[in-house]
Amino acid sequence: MRRPERLGVVGPPVGAAALALALLTGWTAVGGAGGPRPVEADAGWVLLPAVDAASATTAFFTVRNPGDTPDELIGAAWEFGGPITLKRHLHQGAAGRWEPVAALPVPARGELAMSPEDADLMITAPPPLRTGQWVGFTLTFRHSPPLRLVARVLPPGARPH
């Protein structure tokens with residue numbers, strides 16, 4: 001008659017361990033463990049080139065990294081083709097300049113918030129664009145799969161809400 005008592009003592013810890021193992025197996029199977037979580041982003045915006053500066057424009061996105069592994073934006077393309085350069089602005093007192101970079105960091109549990117004051121995608125020789133037009137982009141990352149996004153063309157001085 002002692003067997004049922006032993007089962008009552010051993011049963012709950014063994015059941016809890018089995019449940020924990022099942023949950024961890026499921027978490028791993030859906031990508032929650034063993035690899036980085038992919039980056040995410042919403043629609044971005046493109047600066048409408050001024051008539052006298054139509055040889056280049058810039059695009060901006062906010063890329064979020066929900067994972068524990070840092071990532072990097074390493075390239076970009078858009079529906080019209082042509083070169084896109086990743087660039088970062090360097091501030092030196094009241095002056096500044098920009099320089100092309102091979103990658104833009106997307107920190108773990110952080111974001112890369114592109115802006116005219118920090119980092120952006122420089123697009124050379126854009127076709128004629130219209131205010132309000134939506135254009136397609138693909139952002140390429142070192143660890144995450146490519147993101148296909150859209151960006152809205154906005155006039156100079158405007159920012160998305």
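1. Of the 161 residues in the protein chain, 32% count as buried, a term that means under 20% relative accessible area, with exposed meaning over 50% and partly exposed lying in between (1.4 Å probe, protein chains only). The protein chain exposes about 9800 Å², of which carbon and sulfur atoms supply 61%; accessible areas come from the Shrake-Rupley method with a 1.4 Å probe, and for residues only the protein chains shown count as cover.

2. The model is predicted: local features need pLDDT of at least 70 and side-chain atom pairs count only at pLDDT 80 or more, while totals for chains, interfaces and linings use all residues. Residues are numbered from 1 along each chain as its sequence is written, and side-chain values use heavy atoms, with hydrogens and water left out.

3. Helices (H or I, at least four residues) and strands (E, at least two) are DSSP runs, numbered from the N terminus. Read from the N terminus, the elements run α-β-β-β-β-β-β-β-β-β-β-β-β. Among contacts between residues at least 6 apart in sequence, 69% join residues at least 24 apart, where contact means heavy atoms within 4.5 Å.

4. Nine strands form an open sheet with mixed pairing, in the order E7-E6-E10-E3-E2-E12-E11-E5-E8. Two strands are said to pair if DSSP finds at least two bridges between them. The edge strands are E7 (95-100) and E8, each of which pairs on one side only. On average, neighbouring strands of this sheet are turned by 40° against each other, direction ignored; the axes are lines fitted to C-alpha atoms, for helices over the stretch in contact, and angles run from 0 to 180 degrees between N-to-C directions.

5. Several pairings in this sheet can be followed residue by residue. E6 and E7 are antiparallel and share six bridges, and the bridge partner of Gln92 in E7 is Ala95. E6 is also antiparallel to E10, over five bridges, with Thr85 standing opposite Met122 in E10. Four bridges join E3 to E10, again in the antiparallel sense; here Ala56 has Thr124 of E10 as its bridge partner. E10 is mostly covered, since five of its six residues are buried.

6. A second open sheet has three strands in the order E1-E4-E9, with antiparallel pairing. Its edge strands are E1 (40-41) and E9 (110-113), each pairing on one side only. E1 and E4 (residues 62-65) run antiparallel and are joined by two bridges, and Val63 in E4 is the bridge partner of Ala41.

7. Which residues have the most contacts inside the largest nonpolar core? They are Phe61, Val63, Leu73, Leu121, Phe137 and Leu139, in a core of 31 residues. Such a core is a set of buried Ala, Val, Leu, Ile, Met, Phe, Trp, Tyr and Cys residues joined through side-chain atoms within 4.5 Å. The elements that give two or more residues to this core include E2 (44-47), E3 (56-60), E5 (71-78) and E11 (134-141). E12 gives the most, with five residues. Leaving aside neighbours within four places in sequence, the contacts of Phe61 include Leu112, Leu121, Phe137, Leu139 and Leu149.

8. His89 is found in strand E6. Is His89 buried or exposed? With a relative accessible area of 17%, His89 counts as buried because this value is under the 20% limit. The side chain of His89 makes a polar contact with the side chain of Asp120 at 3.1 Å; a polar contact is a pair of N or O atoms within 3.5 Å, and within protein one must be able to donate a hydrogen and the other to accept it, while residues adjacent in sequence count only if both atoms are side-chain atoms. Not counting residues up to four places away in sequence, His89 also touches others, among them Arg97, Trp98, Ser115 and Pro116.

9. Ser144 is found in the loop between E11 and E12. Ser144 and Pro38 are 106 residues apart in sequence, yet their C-alpha atoms are 4.8 Å apart in space. Beyond its neighbours within four places in sequence, Ser144 is in contact with Arg37, Pro38, Val39 and Asp71. Two of these contacts involve the side chain of Ser144: it reaches the backbone nitrogen of Val39 at 3.0 Å and makes a polar contact with the side chain of Asp71 at 2.7 Å.
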